[in-house]
Amino acid sequence: MKNTEIEYYAQKVMFENAEDAIIVNDLSNTIVCFNPAAGRMFSLRNSDVYNSQIYKLIPAELHKEQDAVVEDLLGGKSVLHSKTTRLTSEGHSFPVSILFRPIKNSYNEVIGVIQIITDDEAERILEEKLGILTAITENIEDAIISRTLEGYINNWNKGAEKIFGYTEKEILGKPISLLIPSDKLEEEENIIDNILQGKKIESFETTRLTKVGDQVPIFFTVSAIKNKAGEIIGISEIASNVSKKKNDQEKKAILASIVENSQDAIISKTIDGLITSWNKGAEKIFGYKEQEVIGKHISIIIPPERMDEETLIIKNIRAGIKMDHFQTIRLKKNGDSVPISLTVSPVKDDNGNIIGASKVARDITSEKEAEALINVLSKRKDEFIALASHELKTPLTSLNAYLQLLEKRVAQEDKIFMKKIIKQQEKLNTLVNDLFDISKIQSGKMEFNFEKFDISQLLFEVLEPLKEANLDYDFHLDMQKGIIIKGDKIRIEQAITNLLTNAIKYSPLGSRIEIVAATTANQFTFSVKDYGFGIEPDRQQFIFNQFYTGDSIRKNSGLGLGLFITENIIKRHGGKIWVESELEKGSKFIFILPTNY
Ligand code: ADP
């Protein structure tokens, strides 16, 4: 009898003092009794006994789960629900694990249920903390290593892999001495001794060995790993890569010095336009000191009539678009305006979000002045060409007329001289005419008389006398007959003559010259191909410029006006001209004219 009494009281003590919550309910799911731990866990009161249903402690969506459990228990089974959720009587949910057991009477009938409930909240928090710590350890740039007291590595993160070159798989279980240069072994021993004596070690700079045997300078922090009882069970070592830090610092210093010493204004601003940095160049160009403008809106240097520009700039920056060499005007502190060339780029944070803009502004006052001077000089040159060509043309016209008269009267033995004079006279004519054309193009006064004409016929007329005068060249003509185009016949003749005389001028005697003229429904194509000197690739882009003669010692090169005039004529017909050329192999000039009128 005595034993039963002890048993009863023992069970009572266990029930009262158990860390887990114990709740008993009958088959109608009414709470019959609970222990103090359950009272604390669920905020239950004595008044809940026989007054509250167990459902009160179960989220609504889990009521079915509870019914199923009771079904199983009626069959006499125990049920373990490892991870589920319960509610306190105030309605706060928390994770739990529950062991359900049936309560049977002396007839072995199930008359109730006993639930032993463990609060998993603490475990969840621990897991969460562990997860965070693992993520930090894995993503940090520093090496985080732990080692046993005997000196074997038992933890190795990605940072360690990066700094030392060993993978986790290669190094786990290996002695830490693998990473220590021989002259530093004693240092490590001293540190460990100190740590075992409970001393705290300040971080210090030292060197360690990488997998390939290089010594890396590192910043080292060593500390003890303790168990719950406070006993040291291992050592953790954190190593930061000093050379990278030094490198980053050096890079930053170099950049800072470039920004400081730049003649250009280098300014940064927030996405809302507030100035966040202002270098010496900006001080010089705009006249404001750094401390006067930091935090102010960039509009202090924008002329009121150009405020729209800033709106556009901000819009582009927000869209991640850079604005390159944008010429505009800004205001100095003293109110003077200054012409600048502006490049504005978005500034992004590490996650790629646009957080502001950087502006580089170059003072282009001197460029603008030079540009203005060039314009004045260029205008004077144009005026001179116009005047000179006009003045040359008048005497030349009468010279032409007198020469024609003289040609008929000159004695037979002098005819040879006469021919030479006329040839030189023709050359002079071409030069003066070209100059005259240039001045007309420049002043926009070159007139065109558009009419329909047979270009095949024209080509024939141009080519025949050229062939006769250049018998040494081997001309090949591939042409459709009766091609009608609309254009200025005289100007088209001039363009074709220019290309043909260039082919002759820039290829050696006896070489072949191929002329092709063809038409499709909406395009006429003409090409002249020679097998002459050719043009270097980097000169090809300039040959259509006025006065460009390239290599001036090249034989026969003239004033460099022919191709400029030719291109102008073709363009005024809505066409296009280009060159395909290879040095020492020859050139092919091609132009196309639209015929869909
Ligand atoms: P010009 O012949 O009077 O110098 P152009 O404007 O006709 O002027 O030509 C400009 C330059 O282009 C020439 O000086 C020459 O260097 C080059 N060029 C033109 N046509 C040819 C060609 N068929 N082959 C090689 N170079 C050429």
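This is a predicted model: local features need pLDDT of at least 70, side-chain atom pairs count only at pLDDT 80 or more; totals for chains, interfaces and linings use all residues.

Visitor: How is a pair of packed helices described?

Guide: Two packed helices are described by the angle between their axes and the distance between the axes. Take helix α12 (residues 365–409) and helix α13 (residues 415–442), which pack at an angle of about 150° with axes 8 Å apart.

Visitor: Which orientation do α12 and α13 have to each other?

Guide: Angles over 145 degrees count as roughly antiparallel, and α12 and α13 are therefore roughly antiparallel to each other. Their crossing is left-handed.

Visitor: What kinds of residues make up the contact of α12 with α13?

Guide: The residues of that contact divide into 15 nonpolar, eight polar and five charged.

Visitor: Is Asn429 buried or exposed?

Guide: Asn429 has a relative accessible area of 18%, so it is buried; the cut-off for buried is under 20%. Apart from neighbours within four places in sequence, Asn429 is in contact with Leu396 and Asn400.

Visitor: Which residues make the contact between α15 and α17?

Guide: From α15, the contact is made by Arg491, Ile492, Gln494, Ala495, Asn498, Leu499 and Asn502. From α17, the contributors are Gly562, Leu563, Ile565, Thr566, Ile569 and Ile570. Sorted by class, the contact of α15 with α17 has seven nonpolar, five polar and one charged residues.

Visitor: Let us turn to the rings. How is an aromatic pair described?

Guide: A pair of aromatic rings is described by the distance of the centres and the angle of the planes.

Visitor: How many aromatic pairs does the structure hold?

Guide: The structure holds 12 aromatic pairs. One of them is formed by Trp278 and Phe286, at 5.7 Å centre to centre with 40° between the planes, and this pair is tilted. Trp278 is buried, and Phe286 is buried as well.

Visitor: Why is the pair of Phe526 and Phe591 tilted?

Guide: The planes of Phe526 and Phe591 are at 35°, with the ring centres 5.1 Å apart, so the pair is tilted. Planes under 30 degrees apart would count as stacked, and those over 60 as edge-to-face.

Visitor: Where in the chain do Phe526 and Phe591 lie?

Guide: Phe526 is in strand β20 (residues 523–530) and Phe591 is in strand β22 (residues 586–594). They are 65 residues apart, and the pair links distant parts of the chain. Phe526 counts as buried at 0% relative accessibility, and Phe591 is buried with a relative accessible area of 0%.

Visitor: Which residues do ring pairs link into a cluster?

Guide: Trp156, Phe164 and Tyr166 are linked into a cluster by ring pairs.

Visitor: Now some single residues. Where does Arg86 lie, and what is it in contact with?

Guide: Arg86 lies in strand β3 (residues 79–87) and counts as buried, at 3% relative accessibility. Leaving aside neighbours within four places in sequence, the residues in contact with Arg86 include Phe42, Leu57, Ile58, Pro59, Leu62 and Gln66. Also among them are His92, Ser93, Phe94, Val96, Ile98 and Phe100. From C-alpha to C-alpha, Arg86 and Lys252 are 55 Å apart in space, and they are 166 residues apart in sequence.

Visitor: What about Glu128? Where is its place?

Guide: Glu128 has its place in helix α4 (residues 121–139). With a relative accessible area of 46%, Glu128 is partly exposed. Its C-alpha atom is separated by 24 Å from that of Leu62, 66 residues apart along the chain.

Visitor: Finally, the backbone. What is phi of Ser43, and what is phi of Tyr50?

Guide: Ser43 has phi near 55°, a positive value in a residue other than glycine. Tyr50 has a positive phi of about 60° although it is not a glycine. Ser43 is found in the loop between α2 (36–42) and α3 (63–74), and Tyr50 lies in the loop between α2 and α3. Ser43 counts as partly exposed at 25% relative accessibility, whereas Tyr50 is exposed, with a relative accessible area of 56%.

Note on methods
Residues are numbered from 1 along each chain as its sequence is written. Side-chain values use heavy atoms; hydrogens and water are left out. Contact means heavy atoms within 4.5 Å. Helices (H or I, at least four residues) and strands (E, at least two) are DSSP runs, numbered from the N terminus. Ala, Val, Leu, Ile, Met, Phe, Trp, Tyr, Cys and Pro count as nonpolar, Asp, Glu, Lys and Arg as charged, and the others, Gly among them, as polar. Rings of Phe, Tyr and Trp (its six-membered ring) pair if their centres lie within 6.5 Å; planes under 30 degrees apart count as stacked, over 60 as edge-to-face and the rest as tilted. Buried means under 20% relative accessible area, exposed over 50%, partly exposed in between (1.4 Å probe, protein chains only). Axes are lines fitted to C-alpha atoms, for helices over the stretch in contact, and angles run from 0 to 180 degrees between N-to-C directions. Angles under 35 degrees count as roughly parallel, over 145 as roughly antiparallel, 65 to 115 as roughly perpendicular and the rest as oblique. A crossing is left-handed if the near helix is turned anticlockwise from the far one by less than a right angle, and right-handed if clockwise.
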